[in-house]
Amino acid sequence: MLRLLSFSLFLATWWIAALFVGGAKLPSPPAVLNVIIAEASSGALFLHLGATLARVALAFVLAMSLGSAIGYLMGRVKLADRLGDPWLILLLNLPALVVIVLAYIWAGLTEAAAIAAIAINKLPTAIVTLREGTRALDRSLDEMATVFAMPRWRAFRHVVLPQLAPYIAASARSGLSLVWKIVLVAELLGRPNGVGFEIGVAFQLFDTPRLLAYSLTFAAVVLVIETLLVQPFEARATRWRPRAA
């Protein structure tokens, strides 16, 4: 009910602002809804949403897989941490726009270049989160696994992974919100489809209803994924931790 109330307040504020500003600069909710219906009826909306979501999924899985493995290694091995830390600092401070432009220059305006650039921008945040999580592991539990002669994979599965689960969940949640934004920039600069491409077209034509239609539809999809997938996963990953009173 609170979310429904918040959404109603958002619509009311938007509608009132549209009345004051004017439809040319800020179209009303019905005007944007008409564009959404028209784009959905033609199939273009689902085509571009599907292309964007596919890029998000590929880049996110790639960045989380590599970032988790590298972060765990840096948290466990001091030499790897010292060797990788300068690279990590560089990637953390390198603007996403620079990475995307360089990827397109070096690899061409290809799908692989776009996904690689998106994944590289997400990679350092995953590494940092998992490295800190690995550093926070309870060493006494490692000693327990050694005393009971647990196989390495079984010890990782039942001792290490449950401790890292909250950090993986946090990295996934923050990283997903980062990937959404970077994908749109990559599509705006060098892809022939996707939500970012349509936003770029709408900007060139000064088509505000179209721009808002694609932006809000994409935001709605992100909200559904956050509510139905990310939040339940985070709650499940942290269910063993004691809750604050």
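**Exercise 1.** Is the crossing of helix 6 and helix 8 left-handed or right-handed, and how are the two helices oriented?

*Solution.* Keep in mind that we are working with a predicted model.

- Step 1: Find helix 6 at residues 111-135 and helix 8 at residues 152-190.
- Step 2: The crossing of this pair is right-handed.
- Step 3: Their axes come within 9 Å and cross at roughly 165°. Angles over 145 degrees count as roughly antiparallel, so helix 6 and helix 8 are roughly antiparallel to each other.
- Step 4: Now look at who touches whom. Helix 6 contributes residues including I118, N121 and K122, while helix 8 contributes, among them, L164, Y167 and I168.

**Exercise 2.** Which residues make the contact between helix 7 and helix 8?

*Solution.* Let's build it up.

- Step 1: Helix 7 covers residues 139-147, and its axis comes within 11 Å of the axis of helix 8, crossing at roughly 175°.
- Step 2: That angle makes helix 7 roughly antiparallel to helix 8.
- Step 3: From helix 7 come L141, D142, M144 and A145; from helix 8 come A155, V159, V160 and Q163.
- Step 4: These divide into 6 nonpolar, 1 polar and 1 charged.

**Exercise 3.** Is H48 buried or exposed?

*Solution.* One residue this time!

- Step 1: Locate H48 in helix 3, residues 44-76.
- Step 2: Its relative accessibility is 7%. Buried means under 20%, so H48 counts as buried.
- Step 3: Leaving aside neighbours within four places in sequence, H48 is in contact with N193, G194, V195, F197, E198 and Y214.

Technical notes:
Residues are numbered from 1 along each chain as its sequence is written. This is a predicted model: local features need pLDDT of at least 70, side-chain atom pairs count only at pLDDT 80 or more; totals for chains, interfaces and linings use all residues. Side-chain values use heavy atoms; hydrogens and water are left out. Axes are lines fitted to C-alpha atoms, for helices over the stretch in contact, and angles run from 0 to 180 degrees between N-to-C directions. Helices (H or I, at least four residues) and strands (E, at least two) are DSSP runs, numbered from the N terminus. Angles under 35 degrees count as roughly parallel, over 145 as roughly antiparallel, 65 to 115 as roughly perpendicular and the rest as oblique. Contact means heavy atoms within 4.5 Å. Ala, Val, Leu, Ile, Met, Phe, Trp, Tyr, Cys and Pro count as nonpolar, Asp, Glu, Lys and Arg as charged, and the others, Gly among them, as polar. Buried means under 20% relative accessible area, exposed over 50%, partly exposed in between (1.4 Å probe, protein chains only). A crossing is left-handed if the near helix is turned anticlockwise from the far one by less than a right angle, and right-handed if clockwise.
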